[in-house]
Amino acid sequence: MADRITQLQDSVNLLAEHFCNSVGVLCTQVEPGAEAEAKRKELAVTFSQLITKTAKDIDFLVWSLPSARSTSDLQEETLSALEQENQEAVKRLQDLIKDSEVLATSIKQSLVRE
């Protein structure tokens, strides 16, 4: 899957392509008559749906991009939380090491008595 910036770039290119194609196709459909008019309306509806869908996709992609400020703030919060977790893990590890040393000493003393 492409990154969001690439997706956004592809969507903008697709939107430009839809605009160019719609203008080109609708300009070539200049025949007079009711049947030709119905065909032009059908093509106009089709292209407007394509353009609208692509514009909505672009809007979604733009809103899903992280802002520079929130990214920095989120990184700071995440680092603080990780540091706190790390300190708690260090404390638990130190407690486990002390407990294991006491247990190892107890086992050694039991083995020496036998």
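Predicted model: local features only at pLDDT ≥ 70, side-chain atom pairs only at ≥ 80, totals over all residues.
1. A disulfide is a covalent bond between the sulfur atoms of two cysteines. The sulfur of Cys-20 has its closest cysteine sulfur in Cys-27, at 11 Å, which is too far for a bond. The cut-off for a disulfide is 2.5 Å, so the 11 Å between Cys-27 and Cys-20 rules out a pair. Cys-20 is exposed, at 57% relative accessible area, and Cys-27 also counts as exposed, at 52%.

2. Nonpolar surface patch. Which residues make the nonpolar surface patch of about 310 Å²? The patch is formed by Leu-103, Ile-107 and Leu-111. Of these, Leu-111 belongs to helix H3, which covers residues 68–113. Leu-111 has a relative accessibility of 59% and therefore counts as exposed.

3. Nonpolar core. The largest nonpolar core consists of five residues, namely Leu-8, Leu-15, Ile-51, Ile-58 and Leu-61. Two elements each give two or more residues to this core: helix H1 (4–28) and helix H2 (34–64). The greatest contribution comes from H2, with three residues. In soluble globular proteins, nonpolar side chains tend to be buried together.

4. Surroundings of Ile-58. What does Ile-58 touch, once neighbours within four places in sequence are left aside? Ile-58 is in contact with Leu-8, Ser-11, Val-12 and Leu-15.

5. Salt bridges in helix H2. The model has three salt bridges by count. One of them joins Glu-37 and Arg-40, whose closest N and O atoms are 2.5 Å apart. These two residues are three apart in helix H2, which means that about one helical turn separates Glu-37 from Arg-40. Glu-37 counts as partly exposed, at 32% relative accessibility. Another salt bridge brings together the side chains of Lys-53 and Asp-57, at 2.9 Å from N to O. Lys-53 and Asp-57 are likewise in helix H2, four residues apart, or about one turn of the helix. Lys-53 is exposed at 51% relative accessibility, whereas Asp-57 is partly exposed at 32%.

6. Lys-91 and Asp-95 form a salt bridge in which the closest N and O atoms lie 3.3 Å apart. Both residues belong to helix H3 and are four residues apart, about one turn of the helix. Lys-91 is partly exposed, with a relative accessible area of 47%, and Asp-95 is also partly exposed, at 30%.

Terms used:
Residues numbered from 1 in each chain as written. Heavy atoms only, no water. Buried < 20%, exposed > 50% of the residue type's maximum accessible area, 1.4 Å probe, protein only. Patch = residues over 30% accessible without salt bridge, like charges linked within 9 Å, V, L, I, M, F, W, Y side chains within 5 Å. Areas by Shrake-Rupley, 256 points an atom, 1.4 Å probe, with all protein chains shown as cover. Salt bridge = Lys/Arg side-chain N within 4 Å of Asp/Glu carboxyl O. Core = buried A, V, L, I, M, F, W, Y, C linked by side-chain atoms within 4.5 Å. Contact = heavy atoms within 4.5 Å.
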